[in-house]
Each structure stands twice: as C-alpha cells, then as structure tokens.
Amino acid sequence: MCVLLQVLHLIGMALMEEQQQLENIGDDDEVTFNFTLKISRPGEAPGNTPSILALLETLQSAPHLEVHKDMIRWILKMVVSIKTMRECTAAAPPCEGTGHCHKETVWDKDKA
C-alpha cells in the first residue's frame, strides 16, 4: 500500500473524528480534539516548512497523483466544513436542547 494513501487515510479518520465530536457536542461539552488547527499550522522542523494543509493544496494539482485527487479534494472539503462548523458553534446562540443548530448551516452550504 502506498505511504501517501496511508497518510491520507489517517488524515481523513482524524477529520471524521473531529466532525463527529462537533456534531455531538452538548451544552456543557467542549471539543478538545482540534486536528484542523494542527494541520493548518506550519511545521516545526528547521527551515520554512509549510503546513500539512498547504502541502495537500499543492498535491491537489500534481499530475502524477491523479489517483489520489478525489481523496485529497475530500480532505480539503472536510477541513472547510469543520472550520465552518467551529465558527457556527462559537458564534451561534445556544440551541434550545436540539443540538442541531450548526448542522443545518453546514449542510446547507454543502448543497450550494
């Protein structure tokens, strides 16, 4: 199995975990898993290391990775979706016990 495919799979799993936590958040709960923030930061290695997110955006247009483009695009779309969910949950007034206020906004944007 290709190492890149394994890395993409793990990134996808982490994004799904973060999304699930955001969707199931209660009034008193706090989401502590913030993978989107971590992959948006530049690397800590010496030099000018780009973020994982920046690398994925670059890989999206690499012709030799045509096989992985769908997975890369899905990951980038998930990052945008999760960031939108975080913004909505931070800015939205508390829901009236339904817990579905932020879901509707994200799903509406996906439909557009």
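This is a predicted model: local features need pLDDT of at least 70, side-chain atom pairs count only at pLDDT 80 or more; totals for chains, interfaces and linings use all residues.
Leaving out its neighbours within four places in sequence, Ile52 is in contact with Ile11, Ile39 and Arg41.

**Ile52**

- Ile52 belongs to helix H3, which covers residues 52–59.
- With a relative accessible area of 39%, Ile52 is partly exposed, because that value falls between the 20% below which a residue counts as buried and the 50% above which it counts as exposed.
- Although Ile52 and Ser40 are 12 residues apart in sequence, their C-alpha atoms are 6.5 Å apart in space.

**Helix H1**

- Helix H1 runs through residues 3–23, and its 21 residues should span 30 Å at 1.5 Å a residue, which agrees with the 30 Å between its end C-alpha atoms.
- The buried residues of H1 are Leu8, Ile11, Gly12, Ala14, Leu15, Glu18, Gln19 and Leu22, and, seen down the helix axis, they fall within an arc of 165°, so they line one face of H1.
- An α-helix has 3.6 residues a turn, so residues three or four places apart point the same way.
- Val3 and Leu10, on the other side of H1, are exposed.

**The whole chain**

- The chain contains five helices and zero strands, giving the pattern α-α-α-α-α along the sequence.
- Of the 112 residues in the chain, 29% are buried, while the chain exposes about 7700 Å², with carbon and sulfur atoms supplying 57% of that area.
- Among contacts in the chain with a separation of 6 or more, 52% are between residues 24 or more positions apart.

Notes: Residues are numbered from 1 along each chain as its sequence is written. Side-chain values use heavy atoms; hydrogens and water are left out. Helices (H or I, at least four residues) and strands (E, at least two) are DSSP runs, numbered from the N terminus. The expected span of a helix is 1.5 Å times one less than its number of residues. Buried means under 20% relative accessible area, exposed over 50%, partly exposed in between (1.4 Å probe, protein chains only). The arc is that of the directions from the helix axis to the C-beta atoms. Contact means heavy atoms within 4.5 Å. Accessible areas come from the Shrake-Rupley method with a 1.4 Å probe; for residues, only the protein chains shown count as cover.
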